[in-house]
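I opened this notebook to record what I looked up in one protein model.

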Amino acid sequence: MPGSTTAAGSTLAISAGTPSAQTAAAFAALAFTVIGGLDKIGPVPSATFAKVEFQPLVGGKDKLKGSADYGSMAPSAAYDDADAGQTLLRAAAADETQKLYSFKTTYPNGTVVYAQGRVFSAPDTIEGADSVLMTNADIGITTKPIKA
């Protein structure tokens, strides 16, 4: 298929910084730390709208776009306590405030998606003797993603 690509080379980075505006330039000005050892990033943030329906007594059903949900990311990585990105991810998960962290997803072709969210968890996961010790995060995206 023309334009198809693999995910190989994709990265996810995190920043404790807050952009001065919700623009690609403001996000690009932040210092991001790549999260190392990722084997998957999961869904890239995008808007999904609630479907609001209204059925009048006369006529067809109307369907409207409701509030936007920018989704969640579920990256998983081979546990590495020396990796600065994983350390920041775990610190964000342990943060008991409502602080937003900034995220940068980079595709192999150079496309970048910026968004902010909260890290709800980043537990270490042990599956069995013949598995890799993993860190699996749950990131709730709260700002409109910006594709650059």
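The entries below follow the order in which I looked things up.

Entry 1, the model. I noted at the start that this is a predicted model.

Entry 2, aromatic pairs. I searched the whole structure and found two aromatic pairs. The rings of Phe27 and Tyr114 are stacked, at 5.1 Å centre to centre with 15° between the planes. I then located the partners: Phe27 belongs to helix H1 (residues 24-28) and Tyr114 to strand E9 (residues 112-121), 87 residues apart. Phe32 and Tyr114 form a tilted pair, with 6.0 Å between the centres and 35° between the planes. Because Phe32 sits in the loop between H1 and strand E2 (33-34) while Tyr114 is in strand E9, this pair ties together parts that are 82 residues apart in sequence. I therefore recorded Tyr114 as buried, since its relative accessible area is 6% and the cut-off is under 20%. Phe27 is also buried. Together, Phe27, Phe32 and Tyr114 make up one aromatic cluster.

Which residues of H2 are buried? I listed Gly85, Gln86, Leu89, Arg90 and Ala92. Viewed down the axis of H2, these buried residues fall within an arc of 155°, so they line one face of the helix. At the N-terminal end of H2 I found a cap, Asp83, with a side-chain oxygen 3.1 Å from the backbone nitrogen of Gly85.

I located Tyr79 in the loop between strand E7 (76-78) and helix H2 (84-94). Tyr79 counts as partly exposed because its relative accessibility is 30%. With Ile126 and Leu133, Tyr79 forms a nonpolar surface patch, and together they have about 290 Å² of accessible area.

Conventions
Residues numbered from 1 in each chain as written. Predicted model: local features only at pLDDT ≥ 70, side-chain atom pairs only at ≥ 80, totals over all residues. Heavy atoms only, no water. Patch = residues over 30% accessible without salt bridge, like charges linked within 9 Å, V, L, I, M, F, W, Y side chains within 5 Å. Areas by Shrake-Rupley, 256 points an atom, 1.4 Å probe, with all protein chains shown as cover. Salt bridge = Lys/Arg side-chain N within 4 Å of Asp/Glu carboxyl O. Helix = DSSP H or I, 4+ residues; strand = E, 2+ residues; numbered from the N terminus. Buried < 20%, exposed > 50% of the residue type's maximum accessible area, 1.4 Å probe, protein only. Arc of directions from axis to C-beta. Polar contact = N/O pair within 3.5 Å; in protein donor to acceptor, adjacent residues only side chain to side chain. Phe/Tyr/Trp six-rings, centres within 6.5 Å; stacked < 30°, edge-to-face > 60°.
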